[in-house]
Amino acid sequence: MQDQTLSNKAAYKPGECAPVILNVENLKTQFKTNQGLVKAVDGISFSVHEGEVFGIVGESGSGKSITNLSILRLVPVPPGRYADGHIYFKGKDLLAVQEDEIRMVRGGSISMIFQDPLTSLNPLLRISIQIEEALLQHHKINRKQARETAIGLLRAVGIPDAERRMDDYPHQFSGGMRQRVMIAMAIGCNPEILIADEPTTALDVTIQAQILELIKSLSDTRRMTVILVTHDLGVVAGTCNTVAVMYAGRIVEQAPVDELFAYPLHPYTKGLLASVPRIDEAKKRLYSIPGAPPNLIGLPKGCAFAPRCDKAMPQCTRAYPPEKCSSVHVDGLGASGNPGESNTAVFDDRHVVRCWLYSDEKDLNKIGSNL
Amino acid sequence: MNRRMPQLQVRNLSVYFPVERGIVFRKRIGWLKAVDDISFDVYPGESVGLVGESGCGKSTTAMAIARLQEVNKGEIIFNGRDLLKLSSEELRSARKDLQVIFQDPYSSLDPRMNAFDCIAEPLRVQALRGKKADRQSLSQPVIADKVYRLMDKVGLAKEYAQRYPHEFSGGQRQRIGIARALALSPQLVIADEPVSALDVSIQAQILNLMKDLQGEFGLTYLFIAHNLAVVSNFSDRIIVMYLGTIVEIASSEELYGTPLHPYTRALLSAVPIPDPPQERKRSRTILKGDVPSPLNMRTGCPFADRCPDAKARCQNERPKLSTVKGITAEHQVACYLYDKV
């Protein structure tokens, strides 16, 4: 099965990239509600390479959190449903394994930290018990050893006076310290993948800088792969290696971080980048994407961004655009500003986009015959 | 440049919250100094940003100016009158010129009032209990006409008037909040984190709308936010707060170009820039530790504990906000690293 997952990545030149550790294929997570079917995640595919920091950006309701919950199979079923797709982690399809097997993955080889550290910690238990819990679950060790390890973990995440603070309750910690406790819990079993779901959204900016620094250094020293979910493009720019941009349950664009910011292709990505105020720029009128993110119930056919897009064409509302690697369309990119340097040196197969602007006649003919 | 009369003068404003202990016999054990002796001016037509991390007192300052929060000490002089000395009658007519846009568009609108009523409420209050002239001029059709014009101004279709808050998206709700704040044609609008609950693409819409309305109605903004990038894009001048005190005041260009206070510098360097090569190049000052508790603060500089450049003097004496050598007169900082003019 592993060979099969790797063969999908034939596009990668050997030696250029670390091996794929997580491969999501055509994942569809849906929710049944009284109003109708919510396609929270609607057929997304991506691969995460060992040791990289993979960013997922999107606005609220874009499906970024559900993607992550799906990886650990934490979406409540029902009302949720994994309608289609596979999530291969080291060759095993996490969506197909038994419940007790996925339980060993959770907190073991893949662990997760959440946005709000206060609601993710049990207010009635001392943090020592909460950190030791995962250690005792996954390793054959006794309480005393677990405690030793837990103290070491708290030190590793930069909590001063770790031995004494071990027996404090969550409310005795500040927001930044609570997030450090969460990270200590998450890295306890030396996970191969750490999923961080908006880890700094609830924190102040100086504390955010501390936490991001910690996550980066942990991923370096422990060779940990990180999936970082955020809505803040600034955080992505400083932390991630590869970025996927999600809109209405789909990945509209994915690229190495430098390339995404320098040569965004999808109109949504372009709009998003232009609408963020930057501290290093002079005051100016911000670009704003018209309209609001769509309701996920009864999404119309075609590209969900089309109603807000200033480049929308007739085919945009007829069918969902096929995935395109940007290298095919390098010549068409003169508009992005630097046509001279935009050729093969910068672009490679890893920049994929789903937009009709970058498809050719063959794709158009396909939907023509479908209609 | 600012030779005009300030529209709003805040002088030695202090807001303290009592800290009590005991359930039956309550006893005050101390004061939490949320805002501690701050002074600043706001001139007509400008946007002044108030930034700081959570707990620095920026929202308390805003609420105190709007008289939504009791004040312990100080003066809030608005158009030449001290708001703190007004009777409730006088305050009601003064509030016409001073309106607030709140942070959370989900909880700042009454769920049982439709959009029309939300926007019309301030007009109706003035029609019932305002000045005599207002009571006569604000008839039902006049109010309706005003509400529809406001809805149009903030980009809400007329058909939405009968809808209730839960039927609107966050951005639309914030538009209702803005229309409500503008209903009485105020001079000064206090915007308390107006965009922090909104998505990135909606944030830009609301910020642009607020800018447009400023040009059209000649508004003065006191804009409060924790996002420094948003504030610097929106404001002419920026006030940086830390633990209830003002540490620096400067024009937004100058604050980014030559930040003086060590806290401002750390804050600026912590703001991520959406540009990967530049992010890698930046040198970061990462502050150690958390913001200390504002309870029982010591006498020295509130930032002394986390300051990389703290000297012995900083521990015991609190620096005053003043202009310093070599910097424009509008740029003020409260730090002993610089020589006073």
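Me: How many helices and strands does the secondary structure of chain B come to?

Reply: Chain B has 12 helices and 12 strands; helices (H or I, at least four residues) and strands (E, at least two) are DSSP runs, numbered from the N terminus. Keep in mind that this is a predicted model, where local features need pLDDT of at least 70, side-chain atom pairs count only at pLDDT 80 or more, and totals for chains, interfaces and linings use all residues. Residues are numbered from 1 along each chain as its sequence is written, while chains are lettered from A and ligands numbered from 1 in the order in which they are written.

Me: In what order do the eight strands of the open sheet in chain B come?

Reply: Strands of a sheet pair through backbone hydrogen bonds, either parallel or antiparallel. Two strands count as paired if DSSP finds at least two bridges between them. In chain B the order is S6-S7-S8-S3-S9-S10-S12-S11, with mixed pairing. Strand S6 (98-101) and strand S11 (322-323) of chain B are the edge strands, each pairing on one side only.

Me: Which strand of chain B do two bridges join to strand S10 (residues 245-251) of chain B?

Reply: That is strand S12 (residues 332-333) of chain B, and the two run antiparallel. To find the spot, look for Glu248(B), whose bridge partner in S12(B) is Val333(B).

Me: Now chain A: why is strand S3 (residues 53-57) of chain A largely enclosed by the rest of the structure?

Reply: Start with the idea of burial: a residue is buried if 20 or more other C-beta atoms lie within 10 Å of its own, exposed if 12 or fewer, and partly exposed in between, with C-beta atoms placed from the backbone. S3(A) is largely enclosed because five of its five residues are buried. Val53(A), Gly55(A) and Val57(A) cover one side, with Phe54(A) and Ile56(A) on the other.

Me: Which strands do bridges join to S3(A)?

Reply: Five bridges link S3(A) in parallel to strand S8 (residues 225-230) of chain A, where Val226(A) is the bridge partner of Val53(A). Four bridges link S3(A), also in parallel, to strand S9 (residues 242-247) of chain A; there Val57(A) stands opposite Val245(A).

Me: How many residues of chain A are in contact with chain B?

Reply: Two residues are in contact if their C-beta atoms, placed from the backbone, lie within 7 Å. Here 40 residues of chain A contact 37 residues of chain B. H9(A) gives the most to the chain A side, with seven residues.
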